[in-house]
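Good morning, and thank you for the time. Please take a moment with the sequence and the structure before I turn to some of the details.

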Amino acid sequence: METSRRNFLKAGGACLLGLTIWPAVKGFAGNSTEYITSSKALTGEKWGLVIDMKKCWPKYQEGCRECFLACQRAHNIPDVTNKEEEIKWIWTEPYENAFPEQEHEYIAASIKGKPFIVLCNHCENPPCVRVCPTKATFKRRDGIVMMDYHRCIGCRYCMAACPYGARSFNFSDPRPFIKEVNPEFPTREKGVVEKCNFCAERIDTGLPPACVEACPAGALVFGDLDDPNSEVRKILASRYTIQRKPELGTHPCIYYLV
Amino acid sequence: MNDSRYIITGLIVFIVLVTFPFWANAGKAAPAPAPSLDTPAIQQLPEKQCVEATAYMRTDHMKLLDEWRTQVVREGKRIYVASNGKEYEMSLEKTCLECHSSKAQFCDQCHNYLDVQPDCWTCHIEPKENK
Ligand code: SF4
Ligand code: SF4
């Protein structure tokens, strides 16, 4: 069969046109499925937390650990007693460890050695995200630094990169160490890293983080740092706050009132 | 032509060996799984219909679940609008297993038959009822 140059070009043109309008045809064909965010989801551009330790301490001294327990229950965090293999999402560090650059000889007794609640800072410029070779650690549009455990290969680059020790590695199967299993949230498996997810699963369904909700002293204030009218921004505008290791340029989204 | 005896014997031995797996297993085919989907939750459904048509779920559930995972974990989108317009939460624990409450019946039978080992359950929590 002979094809003239003219016919060949015509056929080519028709094919090209077909390809261009194909997506539209598919769209009109009906029976399309969709993925949507829940209408209840909290919306924000940059979630953050202001932690008022002065409100926390009196309760903390009485033994209150509500925020840790709520987190543990919500996320099936194993209670590994071996210090070297501990899994931590939210915990306390003495002032000198949490804010090493602030430490000096004559530090006020009211702060010296005091416990500070620490967790992943959901950094605006997160080194953990930059180093993760599989993109298992990534930043969501609302600022949450999130992990996709399906993709984590356990290389632990992120642990080396995080300057806050906010990440833990599962050296063994975490399941035997989970006290009370929440069947609605997956556990992790041996060989993956885990950390605080800012309760993405709750935010997406309209609830504040579990720790914020659980604190009886109201020491944790959650909100959108991008919204000048949010409660967190109002506190930041009116009171002196500090961040952990701001000199590193990670731009933490967790602020502390001291 | 003197070697034809050896050649023919050799060929027979070869053919027997190569076809060994076929005739050794002839007639012993494992029965196709017939999972019982009859769970209390399904019985209570007014219309016994999964999130999509059964034929599609049978052939494509893995692709659907893979997409659900991407949407939930990476995009923060948690609601699936099915082709019939109904909305479902994209959750293995909260949606799939709500009805398919027996992993042994619903997942394992076919996966074992086909010898595939998806590693969902090292992290996702399997339902209690498991017969
Ligand atoms: S605190 Fe650590 S784990 Fe969290 S975002 Fe920053 S670098 Fe990543
Ligand atoms: S351990 Fe996992 S999350 Fe961390 S850098 Fe490696 S793959 Fe990424």
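Strand S10 of chain A, residues 241-242, runs antiparallel to S11(A) and is joined to S11(A) by 2 bridges; strands are DSSP runs of E with at least two residues, numbered from the N terminus, and two strands pair if DSSP finds at least two bridges between them. This is a predicted model, in which local features need pLDDT of at least 70 and side-chain atom pairs pLDDT 80 or more, while totals for chains, interfaces and linings use all residues. Residues are numbered from 1 along each chain as its sequence is written, chains are lettered from A and ligands numbered from 1 in the order in which they are written, and side-chain values use heavy atoms, without hydrogens and water.

Within S11(A), Tyr256(A) is the bridge partner of Ile242(A). Tyr256(A) is also the bridge partner of Ile51(A). The latter pairing belongs to strand S2 of chain A, residues 47-52, which runs parallel to S11(A) with 4 bridges.

Which residues of S11 are buried on its two faces? On one side they are Ile254(A) and Tyr256(A), and on the other Tyr255(A) and Leu257(A); buried means under 20% relative accessible area, with a 1.4 Å probe and protein chains only.

I turn now to the interface. Chain B contributes 25 residues to the contact and chain A 32, contact meaning heavy atoms within 4.5 Å. Between the two chains there are 4 salt bridges, each a side-chain nitrogen of Lys or Arg within 4 Å of a carboxyl oxygen of Asp or Glu. Asp148(A) and Arg74(B) form a salt bridge through their side chains, at 3.2 Å from N to O.

Technical notes
Buried means under 20% relative accessible area, exposed over 50%, partly exposed in between (1.4 Å probe, protein chains only).
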